Structures are given as structure tokens and as C-alpha cells.
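Me: Hi, I have a protein open on my screen and would like to go through it step by step. Could you help me read it?

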Amino acid sequence: MRETTTDETAISAALETLAAAPRLIVALDFDGTLAPFADDPSQVGALPGSWAAVLTLHRAKDTEVVLVSGRPLGSLASVTHAPEDMALVGSHGVEWRVDGHDEATLTEDELRRVARIGAALDEVGERYPGVVIEHKPAGHGVHTRRVSAEVAAQANADASRAAHDADPDVLERGGKDIVEFAVRHVTKGDAIARLRELHGADAVFFAGDDVTDEDAFRVLGDGDVGVKIGPGETRAGYRIADPAALTGVLKQLARARATR
């Protein structure tokens with residue numbers, strides 16, 4: 001695991017170097033990164049300063065901005081109000097909106113698997129008031145933000161058993177107050193690797209806060225910059241405190257990229 005620094009001077013220097021890359025991908029998680037968390041996922045929004053910097057980067061020459069989220073593609077588009085020509089990757093890399101075109105890749109068998117797992121998790125959710133089952137195109141999320149840690153642990157254990165009984169090949173992954181069960185074994189790291197190839201990028205900037213973002217940090221190379229938001233073990237080279245701190249990072253990158 002690479003050494004992680006919180007040194008602001010080091011972060012600033014890395015951004016200036018990154019901004020000089022001939023072709024750059026700026027990939028960003030949304031919840032907990034561009035936007036603070038909220039109990040109601042439909043009511044969150046990107047911090048205004050961060051979003052202004054994102055739009056500046058989106059307009060910059062030879063720069064591809066991509067929002068890479070665990071949210072379903074439709075939900076991501078709805079809460080961000082992203083321009084139609086901004087690339088979106090939803091469901092941890094299963095769903096893609098690239099060049100304004102939606103891409104759905106689930107097979108009929110995968111859709112049947114999603115339905116079976118969802119039905120099993122709904123039964124678990126009925127036993128735990130306050131636990132929310134979120135149905136996604138490629139899987140389902142068990143949200144426990146509104147219940148105690150003890151209830152969350154029991155609900156997650158029951159959900160895991162139910163999901164694996166319904167589909168032994170289901171992919172289980174944890175996050176902040178959520179456990180997800182998916183039928184497609186792809187990660188944000190797979191998405192970053194694919195984006196790099198699609199756009200012929202010379203460098204990648206990625207910022208994220210959750211356990212699932214570690215898959216993206218894992219595929220970053222020496223010329224890339226990964227920024228971890230908040231606490232927790234990470235493979236990112238840099239760490240900042242919270243989404244508010246990311247605003248300054250994005251503003252600096254946007255200024256440097258726009259004036260290179």
C-alpha cells in the first residue's frame with residue numbers, strides 16, 4: 001500500500017504536475033465526495049464550489065470529467081443535473097453514459113438473478129424497520145444509516161445469508177452504512193481502466209471516500225493522483241478531511257488545467 005500524505009504543499013505540487021498532462025481524466029465519486037451524505041439520497045447535491053470547478057474542468061481542452069458512482073445511472077443523473085455530454089458511470093461500473101448515450105449491459109439471465117436477490121432482500125427489509133432496501137439495475141443496496149449499529153449488524157448478516165441463498169454467485173461489498181449485492185463482478189477500478197483506454201489518457205485524477213473507491217485507487221499509476229476523502233485505510237496518495245476540502249483541490253486543478 002502506497003504512503004498517504006495530508007501535506008497541503010505536496011497535494012498542491014501534485015496537482016500542478018497533473019494539470020500539465022496532454023490528456024487528462026478527472027474521475028469523481030459523488031456521495032461523500034462531491035456531496036455530503038444525507039439520510040435521503042434523493043435530496044443530496046454537490047457543493048456549489050466543487051460543482052463550479054467540475055464544470056470548468058468539463059470545458060477544459062483535452063480533459064474528460066467522469067462521475068463514477070455506486071448509484072444507479074438514473075439516480076446519478078437526477079441528483080447531479082450533469083450536462084448531457086458529461087460522462088457518467090453508475091452501479092460501480094455496470095452502467096455507462098458516455099458521449100451522451102446510455103449503455104445497459106445486463107443479460108436476461110442477469111436480470112432474473114437481480115430479481116431473485118431483490119425479492120430475498122425485501123423479505124429481510126420487512127423485518128427491520130428503518131433499514132432501506134434500494135433496488136438497482138445490477139443489484140441491490142441494504143442501507144442502515146437510520147438504525148443502530150447493533151440492528152445494522154444483524155440486518156446485514158441476515159441480508160448476506162438471504163442474498164447468497166438466492167444466488168450463490170452474488171458479489172457482496174460493503175460501504176458506509178450500506179452493503180451491496182450485485183450480479184456483475186465489476187468495480188470502479190475496472191471503470192477507471194476502461195476509461196483510460198477509451199480516451200487514451202496520459203493521467204488520471206480520482207477522488208473518493210468509501211471502501212468501494214479503493215478499487216479505483218488500486219489501479220492508479222505513478223503519474224496519477226488519488227485523493228481519499230476522510231478517514232480509513234487507503235491506497236490513495238493523498239488525503240483530505242471532507243467534501244468541503246475537496247472544493248479547494250478541484251478549484252486549483254481547474255485553474256491550472258484551464259490556463260496550461
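Reply: Gladly, and a definition comes first: helices and strands here are DSSP runs, a helix having at least four residues and a strand at least two, and they are numbered from the N terminus. Please keep in mind that this is a predicted model.

Me: How many helices and strands does the protein have?

Reply: There are 8 helices and 12 strands in the protein.

Me: And what about the radius of gyration, what would a compact globule have?

Reply: For 260 residues, a compact globule would have a radius of gyration near 18 Å, and because the protein has 18 Å, the two agree. Along the principal axes, its C-alpha atoms fill a box of roughly 55 × 35 × 35 Å.

Me: What percentage of the residues count as buried?

Reply: Of the 260 residues, 52% count as buried. As for the surface, the protein exposes about 11600 Å², and carbon and sulfur atoms supply 51% of that area.

Me: How much of the contacts comes from residues 24 or more positions apart?

Reply: If you take the contacts with a separation of 6 or more, residues 24 or more positions apart account for 60% of them.

Me: Changing topic, how many positive and negative side chains are there?

Reply: The protein has 28 positive and 43 negative side chains, and the centres of these two sets lie 4 Å apart.

Me: Is Arg71 buried or exposed?

Reply: Its relative accessible area is 8%, and because buried means under 20%, Arg71 is buried.

Me: Which residues does Arg71 touch?

Reply: Not counting residues up to four places away in sequence, Arg71 touches Phe30, Asp31, Pro41, Val44, Leu76, Val79, Gly90, Ser91 and Lys136. The C-alpha atoms of Arg71 and Asp29 are separated by 9.8 Å, although the two residues are 42 residues apart along the chain.

Me: Which residues are buried in H3 itself?

Reply: In H3, the residues Leu73, Leu76, Val79 and Thr80 are buried. They cover an arc of only 140 degrees around the axis, which means that they are on the same side of H3.

Me: What comes after H3?

Reply: H3 is followed by His81, whose phi is positive, near 55 degrees. For background, most residues other than glycine have a negative phi.

Me: Which other residues have a positive phi?

Reply: Among them is Asp62, with a phi near 55 degrees, which sits in the loop between H2 and E2 and is partly exposed, with a relative accessible area of 29%. Asp177 also has a positive phi, about 60 degrees, although it is not a glycine; Asp177 is in the loop between strand E8, residues 171–175, and strand E9, residues 178–182, and with a relative accessible area of 34% it is partly exposed.

Me: Where is Ala82, and is it buried or exposed?

Reply: Ala82 has its place in the loop between H3 and strand E3, residues 87–90, and it is buried, with a relative accessible area of 11%. Leaving out residues up to four places away in sequence, Ala82 touches Trp51, Ala77, Leu88 and Arg97. Ala82 and Ala254 are 172 residues apart in sequence, and in space they are 17 Å apart, C-alpha to C-alpha.

Me: Last one, how far is Ser42 from Glu8?

Reply: The C-alpha atoms of Ser42 and Glu8 are separated by 33 Å, and the two are 34 residues apart along the chain. Ser42 itself is in the loop between strand E1, residues 24–28, and helix H2, residues 48–59, where it counts as partly exposed at 45% relative accessibility.

Definitions and conventions:
Residues numbered from 1 in each chain as written. Predicted model: local features only at pLDDT ≥ 70, side-chain atom pairs only at ≥ 80, totals over all residues. Heavy atoms only, no water. Rg over C-alpha atoms; globule rule 2.2 N^0.38 Å. Buried < 20%, exposed > 50% of the residue type's maximum accessible area, 1.4 Å probe, protein only. Contact = heavy atoms within 4.5 Å. Areas by Shrake-Rupley, 256 points an atom, 1.4 Å probe, with all protein chains shown as cover. Lys, Arg positive; Asp, Glu negative; His and termini not counted. Charge placed at Lys NZ, Arg CZ, Asp CG, Glu CD. Arc of directions from axis to C-beta.
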